[in-house]
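Subject: Structure handover

Hello,

Please find the structure below. My notes on what was found in it follow.

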Amino acid sequence: MRTNLDRRHFLGLAGLGAGAAALAACGGPSTAGTADAVDTASIDFSGVKPAASIDFWTNHPGKSQDVEKAIIEKFHAKFPDIKVNLVTAGANYEEIAQKFQTSQAAKTGLPGLVVLSDVWWFRYYSNGSIIPIDGLVKQLDIKIEDFQKSLVDDYKYEDKQWALPYGRSTPLFYYNKDHFKAAGLPDRAPATWQEFAEWAPKLKAASGAQYAYIYPALAGYAGWTLQNNLWGWGGSWSKDWDITCDSPQSVAALQWAQDSIYKDGWAGVSSKEAADDFAAGITSSTISSTGSLLGVLKAAKFNVGVGFLPGGPEAPSGVCPTGGAGLGIPSGISKEAQLAAATFLKFMTEPENTAAFSAATGYMPTRLSADMTAVLAATPQIKTAMDQLTATRVQDNARVFLPGADQEMAKSAAKILTQQGDVQTTMTELKKTLEGIYTKDVKPKLKA
Amino acid sequence: MTAPLIHNSSAPADRPATKPPVVPAIATKATPERRRWSGRGRKDFLVFLAMALPNLVLIGTFTYWPLINNIYYSTLDWTLGSASATVVGLQNYITFFTSEDASKVLGTTAIFTLVTVGGSMVLGLLVALALNSKVRGTTFARSAVFAPYVLSGVGVGLVWLFIFDPGYGVLSWVLRGLGQQSPQWINDPQLSLVMVMIVYVWKNLGYCAVVYLAGLQSLPRDVMEAAALDGANSVRRFFNISMPLLSPTTFFLLITTMLSSLQAFDLIRIMTPLGNGTSTLIYEAYLQAFGAYNRAGYSAAISVILFAILLIITVLQLRFVERKVHYS
């Protein structure tokens, strides 16, 4: 092919390229070295009038679309000057985060209020994407002391409150009462995994189910659900910022999990959603979020039992992580929109609304003064989740603060639980990966 | 017999042969530069602008502008969602090529592309040969074979996930009936790749089959009949006549299926959201920026690498493979 690229054409193209590169540099992030931190000193809402309309981005955790609509209707009746648009911004926490961060990068289309999960809010904080709400809490008289302390403290950093709890959950042990009865087992969750290991062969033989226990789907927060096993054996993903997933205790916990599948043969791994597998009768027990409770109770054709998560040989209790989502206010919107969002945030987390949300989903009520009498009369299993709250522990930093750590943990779990990979080698590799993420993506953003 | 026509083969046979018109060289040399922009030439140029400009603006805005932006972003250390970034030059490229992930991702991309392109084309050709026969029901069969291609990748992925589910999928039900345990198609990274490739080939072979069928039906019958009269059996006719004559079709399919395979996203996203074992270049770019890591600059660098690979493959195909093509 013949080309006519003479000097004039070449200079023209070079000029065009330089112009395009210069124009490209005008968009996107600033490279002038500006910090991401939100200027908290300027967050003063005195004299600000709430915006007439805001968007509320949610993934409807626990199939909560109907109850969210109902709460918004009540809000419109009480605050007719503020319109809240309910926006389905994703099917899960990851999709909503994707949409939120893309809007953040595009500097347009941000919501007034956004659902943020336990692993995402810290990233929003470190990117300067959300504002601390302390000023708004004071101005709107939000009763922060009436929230469940452990849940509200999850969103505290540098003595500031960055979000409020919304669809908060813990994992629960779900079991098929009919299967347990057929196997001659007591009608309760096992106290420890060792106890369950004794029950499992009888359970599998008597129930006819494929598995006595199914591990939750690895793509669905394996780092969260396996936290229970690690703590039970005295291990962890990390202690503060030290990655400890390759410690002898952590390795022993995951070796036990691998053996339950390959050596003992009574456990399996869910492919999509363990709660659905359980409700379909494929397994006699599983662990899943409290947010799945109402769905399981509706779908299951058998008697469902729930209990605390089993302990392990080193820690027989207190081995349950908290989880779920909170609500935050973006920094990239007007003060008017932020004030309107805070007004709605206050209303959304009022005791009667958190009780209604809990009744519809199974998530825990976030307010101490929420009247749960009617809710517990209709669904007594929610009481177990509420009681377990006192035995919960804040998750390991590695899982909630390292970007992508959950995915790396899931990949390692897949290697161990579905490919029978060597546990020690896999955990050593994971440690190296997590330390790399910490050094590159987190450490530079931490204040000394 | 009339003399063969040299310069105008469409002229009537009884017209005497004529010499081609001679253009006076001096006239073109003497044309002033300004006249190019006057009269008819200017009008033509304006028509050209009216026709081409809207498209050029659209292509520039939605293709070249993001492409240039992406190249610029690939030189940044930028966390998605962050308002600030640091210029790091080629560091993102160096990080990718020196990481352990590079060989995994490039290997997965190569396996996925080779298997899906090869599988779609070979199976598509076999299906086209079957559909080319004159038996009852071929019209319905052609529609049925092509239908998966026009279905949404998301829908196809979800349905096949149910089929492959080791707990209650159809496949596991069949395997249990045979006394076998279902493999962990979704959780096991190696099997996940196999699963996605099977579904991808199933979805796309209809496209190859229909294009090959069109090619088969346009093959000259006289050549095939002559070969048959000379004693060539059907296998020999296929390999020595049909395949060479189908080479333009094969070449076209090779380029289009390879490009679409390298850009396959929907099935991988739906069937294996973690990308564990199925992370091709394009999916790795997505995961790095939007999956969880939020490394927008690094993701942009991977996208540029993918762009370069697509460009090189296309140029190589046009330069070397096309030489083997028989266009007539």
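In β3(A), F56(A) has L113(A) as its bridge partner. The strands β1(A) and β3(A) pair in the parallel sense over two bridges; two strands pair if DSSP finds at least two bridges between them. Strands (E, at least two residues) and helices (H or I, at least four) are DSSP runs, numbered from the N terminus.

This is a predicted model, in which local features need pLDDT of at least 70 and side-chain atom pairs count only at pLDDT 80 or more, while totals for chains, interfaces and linings use all residues. Residues are numbered from 1 along each chain as its sequence is written, and chains are lettered from A and ligands numbered from 1 in the order in which they are written.

The sheet in chain A

The strands β1(A) and β3(A) belong to an open sheet of five strands with mixed pairing, in the order β2-β1-β3-β15-β6. Its edge strands, each pairing on one side only, are β2 (83–88) and β6 (164–169) of chain A. On average, neighbouring strands of this sheet are turned by 25 degrees against each other, direction ignored. Angles run from 0 to 180 degrees between N-to-C directions, and axes are lines fitted to C-alpha atoms, for helices over the stretch in contact.

Strand β3 (residues 113–117) of chain A runs antiparallel to strand β15 (residues 323–328) of chain A, and four bridges join them. Opposite V114(A) stands G328(A) in β15(A). Five of the five residues of β3(A) are buried, so this strand is largely enclosed by the rest of the structure. A residue is buried if 20 or more other C-beta atoms lie within 10 Å of its own, exposed if 12 or fewer, and partly exposed in between, with C-beta atoms placed from the backbone. From β3(A), L113(A), V115(A) and S117(A) point one way, V114(A) and L116(A) point the other way, and all are buried. In a regular strand the side chains alternate between the two faces of the sheet.

The bridge partner of S169(A) in β15(A) is G323(A). Six of the six residues of β6(A) are buried, so β6(A) is largely enclosed by the rest of the structure.

Helix α3 (residues 93–106) of chain A lies across β1 (53–58), β3 and β15 of chain A and runs at about 130 degrees to β3(A).

Chain B

The secondary structure of chain B comes to 14 helices and two strands. Of its 328 residues, 33% count as buried. Among contacts in chain B between residues at least 6 apart in sequence, 66% join residues at least 24 apart. Two residues are in contact if their C-beta atoms, placed from the backbone, lie within 7 Å.

Helix α8 (residues 189–217) of chain B and helix α5 (residues 138–150) of chain B have axes that come within 7 Å and cross at roughly 125 degrees. That makes α5(B) oblique to α8(B). Angles under 35 degrees count as roughly parallel, over 145 as roughly antiparallel, 65 to 115 as roughly perpendicular and the rest as oblique. The residues of this contact divide into nine nonpolar, two polar and one charged; among those in α5(B) are F146(B) and Y149(B), and among those in α8(B) are W202(B) and K203(B). Ala, Val, Leu, Ile, Met, Phe, Trp, Tyr, Cys and Pro count as nonpolar, Asp, Glu, Lys and Arg as charged, and the others, Gly among them, as polar.

Helix α4 (residues 100–131) of chain B also packs with α8(B), at an angle of about 40 degrees and with the axes 6 Å apart. The two helices α4(B) and α8(B) are therefore oblique to each other. Their contact has 19 nonpolar, six polar and no charged residues.

Helix α9 (residues 221–229) of chain B is hardly covered: the count of buried residues among its nine residues is zero. Just after α9(B), G231(B) takes a positive phi of about 100 degrees.

Where the chains meet

In chain B, 33 residues are in contact with 40 residues of chain A. By class, the side of chain B that touches chain A has 19 nonpolar, 12 polar and two charged residues.

Regards
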